Amino acid sequence: MKILVINGPNINMLGIREVNIYGSDNYEKLLDILKKTANEENIELEHFQSNHEGAIVDKIQEAYKKFDGIVINPAAYTHTSVAILDALKAVSLPTVEVHISKVSDREDFRQVNFIRDYAIKSFEGLGISGYKEAIIYIKNYLKEQE
């Protein structure tokens, strides 16, 4: 089983930006959680982070026929990117959305979410541990589909 984890803009700045919202764990700690979860769950996992919408779209397109599923935190692009949504629809891979903060309780402009209706599940407000939950969820979902 092969899962792609995609992180959008500013996720690489974890532990630095808005610690009161995103916590003090840094991006390296997130990568450690991804690696540990992949090992524990016996899955192949690749991670990708970009601050550029087109690079994220390209990575999603590259996932076609190479990955079994996607875990994505589009970050700010959650609220603005029809292009990312269209790329996810094009590759038609099961997708789980994850957000470190509880975006549904935040600013009005963050209530627009282009990904949520497409995703098979969304996790929010669990900090970086939400990634582990998302990976385990998609793994179990994919096993059920076999």
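Reader: Why is Ser-81 called buried?

Author: Buried means a relative accessible area under 20%, exposed means over 50%, and partly exposed is what lies in between, using a 1.4 Å probe and protein chains only. Ser-81 has a relative accessible area of 0%, so the residue counts as buried. Before going further, please keep in mind that this is a predicted model, in which local features need pLDDT of at least 70 and side-chain atom pairs count only at pLDDT 80 or more, while totals for chains, interfaces and linings use all residues. Residues are numbered from 1 along each chain as its sequence is written, and side-chain values use heavy atoms, with hydrogens and water left out.

Reader: Where does Ser-81 lie, and what makes its pairing with Glu-53 a polar contact?

Author: Ser-81 lies in the loop between S3 and helix H4 (82-91), where helices (H or I, at least four residues) and strands (E, at least two) are DSSP runs numbered from the N terminus. A polar contact is a pair of N or O atoms within 3.5 Å; within protein, one must be able to donate a hydrogen and the other to accept it, and residues adjacent in sequence count only if both atoms are side-chain atoms. The side chains of Ser-81 and Glu-53 are joined at 2.5 Å, a value that falls within the 3.5 Å limit.

Reader: Which residues is Ser-81 in contact with, leaving aside its neighbours within four places in sequence?

Author: Those residues are Glu-53 and Phe-114, where contact means heavy atoms within 4.5 Å.

Reader: In what order do the 5 strands form the open sheet, and what makes a strand an edge strand?

Author: The order is S2-S1-S3-S4-S5, with parallel pairing. Strand S2 (44-49) and S5 are the edge strands, since each pairs on one side only. Strands of a sheet pair through backbone hydrogen bonds, either parallel or antiparallel.

Reader: What makes S1 a mostly covered strand?

Author: Of its 6 residues, 5 are buried. Asn-7, which has its place in strand S1 (residues 2-7), has a relative accessible area of 0% and therefore is buried. The side chain of Asn-7 also makes a polar contact of 2.4 Å with the side chain of Tyr-131.

Reader: Why is the aromatic pair called edge-to-face?

Author: Rings of Phe, Tyr and Trp (its six-membered ring) pair if their centres lie within 6.5 Å; planes under 30 degrees apart count as stacked, over 60 as edge-to-face and the rest as tilted. The structure holds 1 aromatic pair. The rings of Phe-123 and Tyr-137 have centres 6.0 Å apart and planes at 70°, so the pair is edge-to-face. The pair links distant parts of the chain, with Phe-123 in strand S5 and Tyr-137 in helix H5 (residues 129-145), 14 residues apart.

Reader: Are the two residues of that pair, Phe-123 and Tyr-137, buried or partly exposed?

Author: Phe-123, with a relative accessible area of 13%, is buried, whereas Tyr-137, at 30% relative accessibility, counts as partly exposed.

Reader: What makes Glu-124 a buried residue, and which side chain does its own side chain make a polar contact with?

Author: Glu-124, in strand S5, has a relative accessible area of 15% and so is buried. Its side chain makes a polar contact with the side chain of Arg-116, at 3.2 Å.

Reader: Which residues does the UniProt annotation "binding site" cover?

Author: According to the unreviewed UniProt entry, the annotation covers Asn-73, His-79, Asp-86, Ile-100, Ser-101 and Arg-110; positions are given in the numbering used here, feature names are shortened, and annotations may be inferred rather than shown by experiment. Of these, Ile-100 lies in the loop between strand S4 (95-99) and strand S5 (121-124), and a relative accessible area of 5% is why Ile-100 is called buried.

Key
Two strands pair if DSSP finds at least two bridges between them.
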